[in-house]
Amino acid sequence: MPDRAKDWFQQAKRDLEQAKSSRAEERHEWACFAAQQAAEKAVKALHLSLSQEAWGHIIARLLKELPIAVPEELIDKAKVLDAFYIPTRYANGHPEGAPFEHYGLLQSADGIKYASEIIEFVGAQMAEP
């Protein structure tokens with residue numbers, strides 16, 4: 001099977017660009033979701049680079065399953081991103097209101113910042129720029 005780790009990592013960086021673009025367009029729910037996707041794909045890239053399979057969408061768990069030391073603070077930031085996986089996209093993800101009504105500048109800024117930190121961590125582990 002070919003090594004696809006770099007492909008996953010490149011897509012993670014592209015998803016982060018989408019998060020920033022969505023934030024600039026004030027589509028904060030999409031910025032949050034794209035940030036979550038960016039971090040998830042980056043961590044999966046790291047798993048692949050270590051010849052491991054990675055399943056699921058919970059970034060905090062994916063980080064904990066790595067055979068390397070991961071700072072606890074990074075896992076906590078992943079938990080914030082994990083909360084963006086479903087409710088940013090589905091109207092029944094919140095007790096009332098459309099998803100876009102629940103996300104703003106603060107959430108998208110945090111999402112992008114945390115995803116960027118996870119991507120930076122993964123890039124350092126994979127020796128990728």
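In this predicted model, helix α5 is followed by A127. The phi of A127 is positive, near 60 degrees. Most residues other than glycine have a negative phi. E26 has a positive phi near 60 degrees and is not a glycine. E26 sits in the loop between α1 and α2. With a relative accessibility of 62%, E26 is exposed, because exposed means over 50%. S51 also has a positive phi, near 60 degrees, and is a residue other than glycine. The loop between α2 and α3 holds S51. The relative accessibility of S51 is 71%, so S51 counts as exposed.

The helix that precedes A127 is α5. It spans residues 105–126 and contains 22 residues. From the first C-alpha of α5 to the last, the distance is 31 Å. This is close to the 32 Å expected at 1.5 Å a residue.

Leaving aside residues up to four places away in sequence, V122 touches F9, A42, V43 and L46. V122 also belongs to the largest nonpolar core, which has 35 residues. Which residues have the most contacts inside this core? They are V43, I59, L63, L81, I118 and V122. Each of α1, α2, α3, α4 and α5 supplies at least two residues of the core. Helix α2 gives the most, with 9 residues.

Helix α2 runs over residues 28–49. A31 is found in this helix. Is A31 buried or exposed? A31 has a relative accessible area of 0%, so A31 is buried. Not counting residues up to four places away in sequence, A31 touches A19, S22, R23 and S108. A31 and Y85 are 54 residues apart in sequence, yet their C-alpha atoms are 11 Å apart in space.

Aromatic rings were examined next. A pair of aromatic rings is described by the distance of the centres and the angle of the planes. The structure holds 3 aromatic pairs. In one of them, W30 and F33 are arranged edge-to-face. Their ring centres are 5.8 Å apart, and the planes make an angle of 75 degrees. Why are W30 and F33 separated by about one helical turn? They are 3 residues apart in helix α2, which accounts for that separation. An α-helix has 3.6 residues a turn, so residues three or four places apart point the same way. The two residues of the pair have their own accessibility classes. W30, at 42% relative accessibility, is partly exposed. F33 is buried, because its relative accessible area is 13% and buried means under 20%.

F33 also pairs with Y85. The ring centres of F33 and Y85 are 6.3 Å apart. Their planes lie at 40 degrees, so this pair is tilted. The pair links distant parts of the chain, 52 residues apart. F33 is in helix α2, whereas Y85 is in the loop between α4 and α5. W30, F33 and Y85 together form one aromatic cluster. R89 lies over the face of Y85, at 4.8 Å from the ring centre.

The loop between α4 and α5 also holds A98. At 25% relative accessibility, A98 counts as partly exposed. A98 and G56 are 42 residues apart in sequence. From C-alpha to C-alpha, A98 and G56 are 26 Å apart in space.

According to the unreviewed UniProt entry, the annotation "domain: HEPN" covers residues 9–118. Over residues 9–118, the chain is 63% helix and 0% strand. The end C-alpha atoms of this stretch are 11 Å apart.

How values were computed:
Residues are numbered from 1 along each chain as its sequence is written. This is a predicted model: local features need pLDDT of at least 70, side-chain atom pairs count only at pLDDT 80 or more; totals for chains, interfaces and linings use all residues. Side-chain values use heavy atoms; hydrogens and water are left out. UniProt positions are given in the numbering used here, feature names are shortened, and annotations may be inferred rather than shown by experiment. Helices (H or I, at least four residues) and strands (E, at least two) are DSSP runs, numbered from the N terminus. Rings of Phe, Tyr and Trp (its six-membered ring) pair if their centres lie within 6.5 Å; planes under 30 degrees apart count as stacked, over 60 as edge-to-face and the rest as tilted. Buried means under 20% relative accessible area, exposed over 50%, partly exposed in between (1.4 Å probe, protein chains only). A charge sits over a ring if NZ of Lys or CZ of Arg is within 6 Å of the ring centre and within 35 degrees of the ring normal. The expected span of a helix is 1.5 Å times one less than its number of residues. A nonpolar core is a set of buried Ala, Val, Leu, Ile, Met, Phe, Trp, Tyr and Cys residues joined through side-chain atoms within 4.5 Å. Contact means heavy atoms within 4.5 Å.
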